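User: Here is the structure I want to go through. Please keep it short and define your terms as you go.

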Amino acid sequence: MSTMETILVLTHVDDSGAALTKASLETVTAGVELSQRMGATLAIGILGRDAQAAASAVAAAGARLLAVEGEAFVQARYASDAAGCEALCRAAGASIVLAPGSARLVRVAAGVAHRLGGFIDTHITAIAGAGSIEVTRWFYRQRVEAVISRDARPWFLLLDAGTHAAYAGEPAAAQVEAVAVALPPLRTVVEGFRSPMLDAQTIRPDARLLFVAGAGWTKKQPDGQTHVAKAGEEILAFLRLSGASLGSSKSLADQKAEGGDEQPVLPFLTHLNQIGQTGSTPRHAKGLSTCCHGEEPHAVGWRFIGERRAISLDANCGWTRGKADVVYVADAFEVMARVNALLEARTA
Amino acid sequence: MSDPIALHIVVCAGIVPDPLQTLEPVSGPTGPGLKNEMVLPAVLDPWAGCALYEAARLAASVAGSKVWLVSLGPKAKLQQVMMTVGQKAAFELVPIDGPIGGFTDAHATAAALAEAIAALPGLDRERLLLFGGWESATRGAGVTLQLVGERLGIADQFQGVDQIAVREDGSFEVLERVEGGKHQVSVCAGAPAVLGWATGNLAEPRNNPQTGMQNMRSMMPALQKAKAVKLEANGLRYVSASLPKQQRETRVEKNMAPDAIACELVEWMAAE
């Protein structure tokens with residue numbers, strides 16, 4: 001049985017308040033592709049302070065444009081965002097709702113699906129199927145890949161970032177329908193953002209390279225001593241010179257500094273850096289792993305990295321064999337010091 | 001009489017295969033499952049574990065507070081895991097006897113959890129903080145807690161939480177993970193609220209046999225009386241479930257000098 005679907009792409013504005021986020025534009029691409037393939041009606045819903053301005057970027061998509069805007073939607077807050085998204089979905093009469101898996105929409109999408117009597121699946125990495133929609137997602141922390149489908153509607157699908165190209169239609173004047181929202185009492189105030197790092201911001205989602213530091217950086221070196229301070233200097237220098245994003249193994253992120261306090265052994269490292277089974281699975285074009293070791297369950301942080309290289313003293317390490325393109329059996333302290341020197345020279 | 005801001009903290013936490021186990025999906029009559037799923041060693045879901053330890057810390061810091069642990073899984077498996085978990089934090093176990101695994105539908109799981117929480121004797125919904133992991137290590141969807149919150153009518157929800165600081169007036173500050181390695185800072189007027197925890201800031205507590213004995217008194221009777229539930233599929237259909245097959249041809253360089261490696265890496269990084 002095939003019925004005409006109405007697809008709504010839920011989007012939201014970025015920190016400027018007047019432009020769509022990259023993840024939103026990626027979801028617009030997915031929506032345009034799916035609607036064309038299924039012959040479905042497409043609508044784009046925009047949530048944010050100045051949705052009208054943001055709409056110009058997607059005017060060329062040929063979709064019905066709906067917006068919920070105003071001061072209440074400057075802040076990413078459950079009560080207001082859920083009410084706004086619910087209003088957009090009802091206005092669109094959507095049977096399929098696509099949304100980016102951003103922190104803002106991840107926080108509310110399931111609640112909105114429930115309010116509409118619908119269902120939700122998240123972390124979608126691919127959308128296929130012609131007669132019916134079949135989507136791909138991972139289970140067991142990126143260890144099992146499954147293709148699923150649902151007959152129930154409305155069906156909400158949250159897309160992982162980086163799975164589609166960002167929509168890049170010509171900006172144009174857009175006809176946007178304003179959707180009214182009845183806000184519930186708001187008991188939460190968003191006060192701003194806080195970076196846990198004391199000095200440099202080491203998590204850079206848009207970087208081409210992911211640099212992964214493992215626990216080997218804090219182990220005893222050939223001279224019988226640990227050189228944690230030196231390790232920190234080399235890693236930070238590399239991040240500064242290369243613009244790479246920093247990922248960490250769990251074993252390194254869990255390590256605390258000597259003295260029994262809660263300070264991480266490398267002061268710029270937090271659990272936000274952690275990749276793998278209980279951390280994030282970032283998407284970058286390239287990845288360089290250093291001083292990591294472990295078997296398959298620990299290597300899931302690699303799953304969405306394009307080209308992978310590793311520096312390890314263990315040529316047979318399960319982290320690298322069959323998972324990396326190249327493994328250099330070498331001392332990471334020595335190699336990274338020379339890499340930093342080369343990058344420094346190039347910068348100069 | 002309890003403190004005016006005493007909290008009733010309900011932690012939703014599932015059990016998952018030990019992360020070090022090899023997992024292999026197999027087809028069953030009701031959809032995919034894991035090979036030898038019932039004999040795989042199980043542990044408390046890691047992020048939900050963080051939520052439990054944060055709940056115990058918070059309850060200990062606010063007089064009159066109480067922690068419930070609501071867990072859905074096969075009764076025998078729950079008993080096995082709780083023997084260890086029960087030594088790490090003080091709580092009252094609310095077991096729900098149901099299927100294990102990540103291939104069940106989150107909406108059905110949420111309905112079972114919400115029903116159990118709504119029926120908790122002595123729970124004051126105005127003091128309720130609903131805790132859990134922001135994602136599970138099985139389904140990893142990050143939606144169950146949100147759905148439970150909606151079913152319980154809670155309109156203040158936070159996900160990817162790393163910190164909560166309760167103030168004297170009962171309001172609290174929450175740090176939630178957002179993009180770019182930052183935290184969003186929010187202040188909520190007070191309970192009720194939903195907090196889906198990331199790692200938080202606490203280390204896993206050491207086993208405390210006294211806490212274990214205390215928990216065990218109520219745990220065993222609760223396990224014996226655990227209500228059995230059947231989870232609906234809600235139209236969810238699995239087309240396939242498989243292990244990723246991608247295996248790379250790894251070039252192993254055993255004898256390159258550090259200078260040569262550095263040159264090669266810098267060239268590789270610069271290449272488009």
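Analyst: First the terms: two strands count as paired when DSSP finds at least two bridges between them. Helices (H or I, at least four residues) and strands (E, at least two) are DSSP runs, numbered from the N terminus. This is a predicted model, in which local features need pLDDT of at least 70 and side-chain atom pairs count only at pLDDT 80 or more, while totals for chains, interfaces and linings use all residues. Residues are numbered from 1 along each chain as its sequence is written, and chains are lettered from A and ligands numbered from 1 in the order in which they are written.

User: Start with chain B. How many helices and strands does it have?

Analyst: Chain B has 6 helices and 15 strands. Its C-alpha atoms fill a box of roughly 70 × 50 × 40 Å along the principal axes.

User: And what share of chain B is buried?

Analyst: 49% of its 272 residues. Buried means 20 or more other C-beta atoms within 10 Å of the residue's own, exposed means 12 or fewer, and partly exposed lies in between, with C-beta atoms placed from the backbone.

User: What about strand S9 of chain B, is it mostly covered or open?

Analyst: Mostly covered: S9(B), residues 157-166, has 7 of its 10 residues buried. On one pairing, 4 bridges link S9(B) in parallel to strand S12 of chain B, residues 193-197, with Gln157(B) opposite Val194(B). On another, 5 bridges link S9(B) to strand S10 of chain B, residues 172-178, in the antiparallel sense; there Val161(B) faces Glu176(B).

User: How many residues lie between S9(B) and S10(B) in the hairpin?

Analyst: 5, and Gly170(B) in that turn has a positive phi of about 95 degrees.

User: Which sheet do those strands belong to?

Analyst: An open sheet of 10 strands with mixed pairing, in the order S10(A)-S11(B)-S10(B)-S9(B)-S12(B)-S8(B)-S1(B)-S6(B)-S7(B)-S13(B). S10(A), residues 188-194, and S13(B), residues 227-228, are the edges; each has a single partner strand, so one side of each lacks a neighbour in the sheet. Chain A joins through S10(A), which runs antiparallel to S11(B) over 6 bridges, with Thr188(A) opposite Cys188(B).

User: Which other sheet includes strands of both chains?

Analyst: An open sheet of 6 strands with parallel pairing, ordered S12(A)-S11(A)-S13(A)-S14(A)-S15(A)-S15(B). S12(A), residues 245-248, and S15(B) stand at its edges with a single partner strand each, so one side of each has no neighbour in the sheet. Where the chains meet, S15(A), residues 326-329, pairs with S15(B) in parallel over 3 bridges, and Val326(A) has Arg251(B) as its bridge partner. At the other end, 4 bridges join S11(A), residues 209-213, to S12(A) in parallel, with Ala213(A) opposite Ser248(A).

User: Now the interface. How many residues of chain B are in contact with chain A?

Analyst: 70 residues of chain B are in contact with 74 residues of chain A, contact meaning C-beta atoms, placed from the backbone, within 7 Å. Helix H6 of chain B gives the most to the chain B side, with 9 residues. By class, that side has 35 nonpolar, 23 polar and 12 charged residues. Here Ala, Val, Leu, Ile, Met, Phe, Trp, Tyr, Cys and Pro count as nonpolar, Asp, Glu, Lys and Arg as charged, and the others, Gly among them, as polar.

User: Switching to H4(B). Why is it described as largely enclosed?

Analyst: Because 7 of its 8 residues are buried, including Leu145(B), Leu147(B) and Glu150(B). What covers the buried residues of H4(B) includes H5(A), residues 109-115, along with S1, H3, S8, S9 and S12 of chain B. Just after H4(B), Gly153(B) takes a positive phi of about 75 degrees.

User: Last topic, the largest nonpolar core. Which residues have the most contacts inside it?

Analyst: Leu88(A), Ala109(A) and Val11(B), in a core of 146 residues. Such a core is a set of buried Ala, Val, Leu, Ile, Met, Phe, Trp, Tyr and Cys residues joined through C-beta atoms within 7 Å. Apart from this core lies another of 45 residues, among them Val327(A), Ala330(A), Val335(A) and Val339(A).

User: And what does Leu88(A) touch?

Analyst: Leaving out residues up to four places away in sequence, Leu88(A) touches Leu8(A), Leu10(A), Gly45(A), Leu47(A), Leu66(A), Val68(A) and Val179(A).

Technical notes
Two residues are in contact if their C-beta atoms, placed from the backbone, lie within 7 Å.
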